[in-house]
Amino acid sequence: MTFTIVPYGERHGKKGCGKEGFDCGNPALNLYLARYAGQDVRRHYAALFAAVRNDTDRIIGYYALSNASVRLRDVHEGLRRRLPKYPEIPAIRLGRLAVDKSVQRQGIGAELLGDAILRSLTNVAAWSVMAVDAKDEKARSFYLRFGFDSIEGDNMRLYAMRQDLEAYLPAGVAFSLSQKPHIII
Ligand SMILES: CC(C)(COP(=O)(O)OP(=O)(O)OC[C@H]1O[C@@H](n2cnc3c(N)ncnc32)[C@H](O)[C@@H]1OP(=O)(O)O)[C@@H](O)C(=O)NCCC(=O)NCCS
């Protein structure tokens, strides 16, 4: 099975079909794709990217990106020490990362995260921290594997520094990677 990660709607026109039956196991994320994704994209509330199967055009995963700022006091100590002492830090928020249950644990979530980092690195607006809100403990474990960390008392809100995310990407990776088909056997 191969898939390509594309801006939401690029393969599916305005109707955004290809998302029927999407089930990542989290009702709120399923509902978001089914009902709100299209309108959020149209209104520029979120930039949404979808992993689309090349054979069937079905959406098997998605994530959203938006600009954000985080309060210096809200990030964990390790990160705070490396940031300038401004009260607000420019950030990118990665929201709603989801993969269809039928293809979970095959590396697609990691591919989507890598794609999100690549696209964020090409964002002309400055950002130095990526923020994510984990929906539950499982999602939190997923992000912890990629160098995200949280502060005590707010376990589900995680942050990673831009440099650390860049280091996670394979060496010499091209920015055009997102447009190439991803292959999962
Ligand atoms: C979280 C989610 C996006 C992960 O997607 P995925 O395609 O299954 O993840 P991957 O196969 O790319 O896994 C990447 C790594 O994370 C690990 N991982 C995946 N799911 C995990 C889980 N539930 N708990 C702990 N580790 C997990 C994998 O083992 C893998 O590590 P490895 O390469 O060392 O084996 C997916 O499970 C999902 O959509 N969950 C429901 C929605 C959700 O909670 N989204 C998070 C939004 S906050």
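**View 1. Surroundings of Ala51 in the predicted model.** In this predicted model, Ala51 touches Phe3 and Ile5, the run Ile59, Ile60, Gly61 and Tyr62, and also Ile108 and Leu112, when residues up to four places away in sequence are left out of the count. Ala51 is also one of the five residues, with Tyr62, Val129, Met130 and Tyr159, that touch the most other members of the largest nonpolar core, a group of 47 residues. At least two residues of this core come from each of strand 1 (2–7), helix 1 (27–42), strand 2 (47–53), strand 3 (59–71), strand 4 (88–99), helix 3 (108–121), strand 5 (129–133) and strand 7 (154–161). In soluble globular proteins, nonpolar side chains tend to be buried together.

**View 2. The hairpin of strand 2 and strand 3.** Strand 2 and strand 3 run antiparallel and are joined by 6 bridges, and Phe49 has Tyr63 of strand 3 as its bridge partner. The two strands form a hairpin in which 5 residues lie between them, and Asp57, in the turn, has a positive phi of about 65 degrees.

**View 3. The pairing of strand 3 with strand 4.** Strand 3 also pairs with strand 4, again in the antiparallel sense, over 10 bridges. Within this pairing, Arg71 stands opposite Glu88 of strand 4. In a regular strand the side chains alternate between the two faces of the sheet.

**View 4. Ser128 in the loop between helix 3 and strand 5.** Ser128 is placed in the loop that lies between helix 3 and strand 5. Ser128 counts as partly exposed because 16 other C-beta atoms lie within 10 Å, a number between the 12 or fewer of an exposed residue and the 20 or more of a buried one. Apart from neighbours within four places in sequence, Ser128 is in contact with Leu83, Ile89, Pro90, Met161 and Arg162. The C-alpha atoms of Ser128 and Ile92 are separated by 7.9 Å, although these two residues are 36 residues apart along the chain.

**View 5. The shell around the ligand.** The ligand is surrounded by 22 residues, of which Gln104, Gly109, Ala110, Lys138 and Ala139 are the closest. Strand 4, helix 3 and helix 4 (137–144) each supply at least two residues of this shell, and the largest share, 4 residues, comes from helix 4. Sorted by class, the shell around the ligand holds 10 nonpolar, 7 polar and 5 charged residues.

Note on methods: Residues are numbered from 1 along each chain as its sequence is written. This is a predicted model: local features need pLDDT of at least 70, side-chain atom pairs count only at pLDDT 80 or more; totals for chains, interfaces and linings use all residues. A nonpolar core is a set of buried Ala, Val, Leu, Ile, Met, Phe, Trp, Tyr and Cys residues joined through C-beta atoms within 7 Å. Two residues are in contact if their C-beta atoms, placed from the backbone, lie within 7 Å. A residue is near a molecule or strand if its C-beta atom, placed from the backbone, lies within 6 Å of it. Ala, Val, Leu, Ile, Met, Phe, Trp, Tyr, Cys and Pro count as nonpolar, Asp, Glu, Lys and Arg as charged, and the others, Gly among them, as polar. Two strands pair if DSSP finds at least two bridges between them.
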